[in-house]
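Please read it alongside the sequence and the coordinates.

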Amino acid sequence: MAATASWQPQEQGFKEICGLLEQQMSPTSDKSQIWQQLQHYSQFPDFNNYLAFILARAEGKPLEVRQAAGLLLKNNLRTAFKSMAPPYQQYIKSELLPCLGAADRHIRSTAGTIISVVVQIGGVFGWPELLHTLVKCLESNELNHMEGGMDALSKICEDIPQVLDADMPGLTERPINVFLPRLLQLFQSPHASLRKLSLGSVNQYIMLMPEALYMSMDKYLQGLFILANDPAAEVRKLVCAAFVQLIEVRPDFLEVGIYPVPLLRNVIEYMLQVNKDPDDEVALEACEFWSAYCETQLPPENLREFLPRLIPVLLSNMVYADDDESLVDAEEDGSLPDRDQDLRPRFHSSRLHGSENAEDDDDDIVNIWSLRKCSAAALDILSNVFGDEILPTLMPIVQAKLSTTDEPTWKEREAAVLALGAIAEGCINGLYPHLSEIVAFLIPLLDDKFPLIRSISCWTVSRFSKYIVQGVSHQEGREQFDKVLMGLLRRILDDNKRVQEAACSAFATLEEEAAEELAPRLEIILQHLMCAFGKYQRRNLRIVYDAIGTLADAVGRELNQPTYLDILMPPLIAKWQQLPNSDKDLFPLLECFTSIAQVHVALCFGNFMLCFSGIGYWIFAVCSTCIPEVHKHHPVPTIGKVGLYCMGLLFIFAMVNPVSAGVQYDKEFVVCSLDLLSGLVEGLGSGIESLVSQSSLKDLLLQCCMDDAPDVRQSAFALLGDLARVCPVHLHPRLSEFLEVASKQLNTPKLKETISVANNACWAIGEFAVKVRQEISPIVMTVISCLVPILQHAEELNKSLIENSAITLGRLAWVCPELVSPHMEHFMQSWCIALSMIRDDIEKEDAFRGLCAVVRANPSGALSSLAFLCKAIASWHVSCKFFYVKRKIAEY
């Protein structure tokens, strides 16, 4: 495969590569061996030339071989194109362009995909022939050339639209200015494929809104209305997508209109009609319009008159279609093991200090977005905008559907229950007088014959959790609460997987609202959860972990009683010992342990002292089956074993250098272990000292703080701050190293990319400051120089980072006022603004102690910021703290 000035394939190489590609298509072939041989050929510099030749010119070979060559070429070019010799680059480009007019559409499409990849890598400036060829294809009267050119152009518009909206040397105008008029003209093509591709291409520019599209908006909108009733469903879907994007990005175009008659009314009328389109994908795209409109916060008056017609359409679309895959999935027997493809990927999220925004996925009953789910979401957001206004239209339909009792109408009843859940928040004022009746009606549906009615009833009941819990103050409400609780617990033990999932999620929602109200019922709750624990397959087992963790968070120390722990802990420990260290099912289990540990204060380590004797002990510590034997003569409480286990994971995955060991560690195991240890610290407080003092945790933690993975560093600094708060003495031997590493996280050009790492590192420095006092002085000015720019650019950064920066600055000022006060005039205003936004707590108190200290040390430095200082003081809502600060300031 030697290179030549004018490249030509050698017959032997051509046959061998084609032969390999043909073998690869055989179901009985050894794929790994073929892949190794192809990798061998890829070492030759002109291997990709062969692939381009096979795609473009091997007309005697099967179509599948030519396509396979093209796809392999595409993948190779992603990594190899820039390093290829220019003559080879040019050869591949020259072979791709004629493929746009190939007789077979699969060859045209494959060539278009490769062209888009080449443009992503090298742009269009170095390939002037491409633009000329694409224009020529669009102006051709030959359908193959038009479709091939349009296919390639649409992929460029989808993957890298900005490349066509840029000035290019040698061209008098931007490429988009050349293509857009031709694309708009193709809206009227007699060929559906061209209408679809041209409309899809223009739609890609709504977000970017180049000047060419802005100036042609009238023609674009006229074209949309021309295509609105296109016979091709794919085109109608794109029309709907265009209107949805316009209402999200530039609603003014629809409000102001183009004539000057406003178009919005016509658009709403059209979307309402197409929401009933016989093609579900078109109807789904149209349904997105209602949520988009409401979220854009346009005047609700524009929609109000359409509600009596829109709501029945949404309710109709919320009924399961006969061919809905969920109908088949809903019949799945809970005793059947889950297949690997049934398990959704699960990722552990790193701990972020000061974050209060947890993900809310309790509504995720159906994992696949559908017309049914989109319609329910639209009804939900409409109820939040219009409130009780929609009830006169909605409720008669819901009541009529719920009144049916025959089996063929069960889907109508199910949709009505879904509708009640969808409006539970927005229409609560109108529903409130009837809530007791509504809940009483839903409770028997938890035991309905049809699994999907049982599952949706669980969800809808959970949507009223807040109001169900509020009623426990009187006898009738307490009885209804118990009926709901027992109904959900029964469904947790349902034989149907779908119902199990819905019931666990609904119960978790009820737990969060009920909190201590669950305490008298803990024994029966735990019995049901542990029964489910032994019954569930892998997928739903993860939800049980979450429910247990939520229960621990909800009832707190009420769980910390021997009766309850004897029910709860043995099955969890048994499962933990069964799972290998590489099993990602450990993540939800360890998170569950974290929640339990945070309230499990009584299970402290006592006088446990154990000598950690190097690698051998650690390896045994993480081998869960060996732990009971290792500790036969040194009893360790359950939580202590979990702590040792997590530190063992840290040893294996963090202390062992993955490069020298020749292995890749899984950062998620490290992150999860760090977060569980943080949970143990939070729950046990100073009781963690006996574990930390006899371990190598400080060394492991330092390495994690320097890890390349931001997620690992984020959780490491969270644990560092927790340990600094409760047992700083055990970190003292490496204090300077910890402080240096933490301060570096605040001084990085990639701060916005690693903002959560910086947030936790900043907080950890502040925790160290109040504990080690003057010992932190060597890094004070380094940290201050990093914190001041953060406070001065607060509008560009995360709220949590701003708050922690203000608090840490205050803590440094408190312990080292003589170092901070000479520079206070440079940051006083932005600091006071940030302090005024922080909620009243002990951290804010520390920060204000620092504020008082620097004002006392340098009163003149605060004079120019007196108004901001007063605003910060006035932000206190707790009077005693306010007067403390006021008195201290007055003293100065």
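Trp-290 is in contact (heavy atoms within 4.5 Å) with Ile-268, Met-271, Leu-272, Asn-275, Leu-303, Leu-310, Leu-314 and Ala-378, leaving aside its neighbours within four places in sequence. The model is predicted: local features need pLDDT of at least 70 and side-chain atom pairs count only at pLDDT 80 or more, while totals for chains, interfaces and linings use all residues. Residues are numbered from 1 along each chain as its sequence is written, and side-chain values use heavy atoms, with hydrogens and water left out.

**Nonpolar cores**

- The largest nonpolar core has 218 residues, and Tyr-220, Met-271, Trp-290 and Leu-572 are those with the most contacts inside it.
- Such a core is a set of buried Ala, Val, Leu, Ile, Met, Phe, Trp, Tyr and Cys residues joined through side-chain atoms within 4.5 Å.
- Buried means under 20% relative accessible area, exposed over 50%, and partly exposed in between (1.4 Å probe, protein chains only).
- Helix α16 (residues 280–295) supplies the largest share of this core, ten residues.
- Helices (H or I, at least four residues) are DSSP runs, numbered from the N terminus.
- Another core, of 80 residues, lies apart from the largest one; among its residues are Leu-723, Ile-765, Leu-801 and Ile-807.

**Salt bridges**

- The structure holds 36 salt bridges, each being a side-chain nitrogen of Lys or Arg within 4 Å of a carboxyl oxygen of Asp or Glu.
- Glu-281 pairs with Lys-237 in a salt bridge whose closest N and O atoms are 3.0 Å apart. This pair links distant parts of the chain, with Glu-281 in helix α16 and Lys-237 in helix α13 (residues 233–249), 44 residues apart.
- Glu-281 is partly exposed at 48% relative accessibility, and Lys-237 is partly exposed with a relative accessible area of 28%.
- Glu-305 forms a salt bridge with Arg-265, the closest N and O atoms lying 2.6 Å apart. Glu-305 is in the loop between α17 (301–304) and α18 (307–317), and Arg-265 is in helix α15 (residues 264–274), so the pair links distant parts of the chain, 40 residues apart.
- Both partners are partly exposed: Glu-305 has a relative accessible area of 47% and Arg-265 one of 46%.
- Asp-846 and Arg-811 meet through their side chains in a salt bridge (3.0 Å, N to O). Asp-846 belongs to helix α47 (residues 842–857) and Arg-811 to helix α44 (residues 799–815), so the pair ties together parts that are 35 residues apart in sequence.
- Asp-846 and Arg-811 are both buried.
- A network of salt bridges links Asp-447, Arg-454, Arg-490, Arg-491 and Asp-494.

- Helix α1 (residues 11–24) has 14 residues and reaches 20 Å from its first C-alpha to its last, close to the 20 Å expected at 1.5 Å a residue. The expected span is 1.5 Å times one less than the number of residues.
- The buried residues in α1 are Gly-13, Phe-14, Ile-17, Cys-18, Leu-20 and Leu-21. Seen down the helix axis, the buried residues of α1 fall within an arc of 155°, so they line one face; the arc is taken from the directions from the axis to the C-beta atoms.
- These buried residues of α1 pack against α2 (31–41), α3 (47–57) and α4 (63–80).
- The 14 residues of helix α5 (residues 86–99) should span 20 Å at 1.5 Å a residue, and its end C-alpha atoms are 21 Å apart, which agrees.
- In α5, Tyr-88, Gln-89, Tyr-91, Ile-92, Lys-93, Glu-95, Leu-96, Leu-97 and Cys-99 are buried. The cover over the buried residues of α5 includes α3, α4, α6 (105–122) and α7 (128–138).

**A buried lysine**

- Lys-155 lies in helix α8 (residues 143–159) and counts as buried at 16% relative accessibility.
- The side chain of Lys-155 reaches the backbone oxygen of Ser-109 at 2.8 Å.
- Not counting residues up to four places away in sequence, Lys-155 touches Ser-109, Gly-112, Thr-113 and Ser-116.

- Met-209 is not a glycine, yet has a positive phi of about 45°. Met-209 lies in the loop between α10 (192–203) and α11 (211–215) and is buried at 14% relative accessibility.
- Arg-773, also a residue other than glycine, has a positive phi near 50°. Arg-773 sits in the loop between α42 (755–772) and α43 (777–792) and is partly exposed at 33% relative accessibility.

Methods
Helix = DSSP H or I, 4+ residues; strand = E, 2+ residues; numbered from the N terminus. Polar contact = N/O pair within 3.5 Å; in protein donor to acceptor, adjacent residues only side chain to side chain.
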